[in-house]
Protein chains: 2
Amino acid sequence: MIDTVRWVDSKKQILSSAPDKTRSLIPGKLRIIDQRLLPEKLEYIETDELETIFELIKTLAVRGAPAIGCAAALGLAAVCGKSGAKTRNAFIGELRSSAERLSASRPTAVNLFWALEICKIKIEVSEESDVEKLKTLLVLEALSILREDIAMCRSIGEKGLALLEDGKGVLTHCNAGALAAGDFGTALAPIYAAREKGLNITVYSDETRPLLQGARLTAWELQRAGVKVVTICDNMSAQVMREGKINIVIVGADRIAANGDIANKIGTYGVAILAKHHNIPFYVAAPYSTIDISIADGSGIPIEQRLSEEIRIFNGKKIVPDNVEIYNPAFDVTPAGLITGIITERGILKPPYTASIKNFMKEKIKDF
Amino acid sequence: MIDTVRWVDSKKQILSSAPDKTRSLIPGKLRIIDQRLLPEKLEYIETDELETIFELIKTLAVRGAPAIGCAAALGLAAVCGKSGAKTRNAFIGELRSSAERLSASRPTAVNLFWALEICKIKIEVSEESDVEKLKTLLVLEALSILREDIAMCRSIGEKGLALLEDGKGVLTHCNAGALAAGDFGTALAPIYAAREKGLNITVYSDETRPLLQGARLTAWELQRAGVKVVTICDNMSAQVMREGKINIVIVGADRIAANGDIANKIGTYGVAILAKHHNIPFYVAAPYSTIDISIADGSGIPIEQRLSEEIRIFNGKKIVPDNVEIYNPAFDVTPAGLITGIITERGILKPPYTASIKNFMKEKIKDF
């Protein structure tokens with residue numbers, strides 16, 4: 001698969017899970033694909049600088065809710081791995097301050113806060129006083145988040161596979177694929193699973209303005225994997241639905257509220273309405289870590305507003321006149337009522353979501 | 001107003017209607033704003049070359065159903081104005097062949113065929129045998145189409161004004177404004193009329209991928225006229241509707257079938273569904289010449305498919321990987337059932353459209 005987020009240890013080994021011998025784990029670096037350059041160039045960035053990691057997340061060099069979580073955890077481990085702290089307390093102080101900085105990079109993806117929180121708690125509850133050992137523990141925790149993410153993607157793929165049949169058409173929005181997660185991705189996981197089974201699926205990929213994650217990333221990774229993909233502009237999805245080309249819509253999610261409302265890339269809400277109008281099932285694929293039961297419904301999810309220049313300037317060319325106002329919300333909320341099911345690593349949640357999400361979270365909590 | 005399409009006579013006078021003295025009318029040229037360069041540059045093109053005019057229409061240097069009709073008529077007059085034909089028959093032969101070529105430039109806009117047809121018929125039914133006089137007659141006919149278009153835009157503005165109130169928000173898609181017609185445009189005509197009355201209207205303008213007519217053209221011309229305009233990406237229209245910012249949707253049309261189905265820029269159909277979901281009235285503004293009663297319903301309207309490069313490459317940068325398939329329909333059909341009303345120069349047509357369009361066309365035909 002595509003190695004979107006990885007750890008590079010002190011011997012330059014590239015890791016996606018904890019190694020048998022942990023001696024060379026630190027100092028190490030976060031390694032990501034620079035998605036800003038795709039599809040023209042495949043380039044990697046390795047770093048252990050806090051402000052660089054902050055910028056990489058903020059400018060969407062790494063994006064997609066699960067990938068942001070993994071990158072934040074590994075990034076935090078890289079930054080803290082070179083700490084000069086002499087005591088456990090000093091180290092934990094630095095850890096908290098770095099985690100706080102990283103959590104401000106994107107406001108909507110709950111996985112970001114969740115991954116940073118898990119790392120912090122792991123260190124805080126450990127009784128280790130040796131700073132070097134704490135550093136190793138932190139990398140191991142971050143790698144365990146990545147490994148779990150990879151496993152969750154595979155499970156989502158298996159569960160979602162039941163919704164696909166040979167010859168069917170799937171519409172997806174933005175990129176919730178391998179480039180958005182550790183491995184198979186979320187929304188694209190059932191498609192990769194279908195590919196492994198030899199099913200022919202055609203994916204219609206909304207280009208997803210303004211940053212074109214669908215055109216640049218979804219098309220790139222599906223083509224690489226040998227899946228047939230057709231790129232359309234966002235305003236063409238109603239037409240392809242009307243032409244009978246779409247049997248199912250599958251999208252990812254950046255945050256899921258306790259009632260099943262979901263926040264995802266701007267445009268998702270509109271696609272859900274169009275799917276309903278055409279009687280096409282609309283599914284959300286997301287791992288456990290995307291669910292935020294502290295938020296009762298979608299109205300409580302903060303929506304990131306991004307710079308107007310993302311829309312005004314397109315590849316260096318001005319497409320909206322100066323001084324014309326621009327509105328650029330990065331996400332929207334799709335109400336639970338428009339969602340046919342939520343594909344998770346444990347199976348497909350169905351309405352009423354308040355009950356099914358509650359049960360699902362109870363089961364998960366037992367695992368800890 | 002904006003001088004989107006004009007005639008330049010042999011004395012370099014710029015005309016939007018027939019002059020009192022016709023002596024210097026020929027040879028003359030079609031003069032258009034090169035809309036491919038907006039909003040960065042306002043440049044005009046003057047030409048009397050058939051293939052240049054064909055290309056200008058095909059590449060959307062001039063676009064918008066009414067403007068295409070006017071440009072085709074004036075372009076035809078310019079091309080035929082330099083004819084070396086010695087006889088009426090030879091002249092009519094050239095006229096027919098040039099009209100046929102121009103009618104192949106865009107397949108969906110009925111105004112194109114209509115304007116060329118009117119010009120041809122006018123010459124064919126005249127009993128004039130002097131070729132120079134036929135040339136002048138042709139320019140006069142083309143100028144009368146332009147003048148009538150300007151008058152129709154103003155009437156649409158007046159009729160549509162009744163739908164607007166101070167402080168309201170309007171969503172529009174693509175550009176059906178001054179740059180798409182002789183004058184006020186169609187969808188934007190009620191907004192310009194409201195502006196003249198001193199009403200404050202906020203227009204939300206979908207950027208309209210792939211060619212960004214909403215971002216480049218609608219925002220440009222409304223800002224120039226002092227109307228408040230907010231540009232959004234196509235996939236944000238559901239969100240602004242949900243936020244209560246939109247009180248009415250007004251779009252143009254490239255062709256209207258006898259039952260009220262309309263073809264318009266790709267994305268219009270989706271916006272109509274979103275408007276219905278949010279209980280927002282959805283209006284189409286179009287002049288008489290857009291109605292094609294020879295077509296029973298939307299399924300009979302040919303939909304132009306455009307080159308995939310319009311989506312794949314933006315400003316020289318590849319945004320979709322090579323070999324990834326692209327689907328690029330230029331138009332879609334919005335079924336009559338989603339349309340609250342059709343704003344014409346004679347008033348607002350209401351469902352059932354089969355009856356209201358039939359009556360409207362009967363009235364119009366009486367005028368001839």
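A:N315 sits in the loop that links β13 (313–314) and β14 (317–318) of chain A; here helices (H or I, at least four residues) and strands (E, at least two) are DSSP runs, numbered from the N terminus. The phi angle of A:N315 is near 45°, a positive value in a residue other than glycine. This is a predicted model, in which local features need pLDDT of at least 70, side-chain atom pairs count only at pLDDT 80 or more, and totals for chains, interfaces and linings use all residues. Residues are numbered from 1 along each chain as its sequence is written, chains are lettered from A and ligands numbered from 1 in the order in which they are written, and side-chain values use heavy atoms, with hydrogens and water left out.

Confidence comes next. The average pLDDT of chain A is 95, and 99% of its residues score at least 70; pLDDT is the predictor's confidence in each residue, from 0 to 100. For the complex, the predictor gives an ipTM of 0.92 and a pTM of 0.93.

How is chain B related to chain A? Chain B is superposed on chain A by a rotation of 180° with 0.0 Å of shift along its axis, at an RMSD of 0.1 Å (least squares on the C-alpha atoms of residues with pLDDT of at least 70 in both copies). That is the relation of a two-fold axis. Because 100% of the interface residues of chain B are also interface residues in chain A, the copies meet through the same surface.

An open sheet of 8 strands takes in both chains, with the order β18(A)-β17(A)-β11(A)-β8(A)-β5(A)-β6(A)-β7(A)-β15(B) and mixed pairing; two strands pair if DSSP finds at least two bridges between them.

Helix α9 (residues 268–277) of chain A lies across β5, β6, β8 (248–251) and β11 of chain A, at about 145° to β11(A). These angles run from 0 to 180 degrees between N-to-C directions, and axes are lines fitted to C-alpha atoms, for helices over the stretch in contact; contact means heavy atoms within 4.5 Å.

Chain A also has cis peptide bonds. One joins A:R209 and A:P210, with omega about 5°, and A:P210 is found in the loop between β6 and α7 (213–224) of chain A. Another runs from A:P351 to A:P352, with omega near -5°; A:P352 belongs to the loop between β18 and α11 (353–367) of chain A.

In chain B, 4 strands form an open antiparallel sheet in the order β2-β1-β3-β4. Since β2 (14–15) and β4 (44–47) of chain B stand at the edges with a single partner strand each, one side of each is left without a neighbour in the sheet. Strand β1 (residues 5–8) of chain B pairs with β2(B) in the antiparallel sense over 2 bridges, and the bridge partner of B:W7 in β2(B) is B:L15. Helix α2 (residues 65–81) of chain B packs on the sheet, touching β1, β3 (29–33) and β4 of chain B, and its direction makes about 15° with that of β1(B). Helix α5(B) lies across β1 and β2 of chain B, at about 150° to β1(B).
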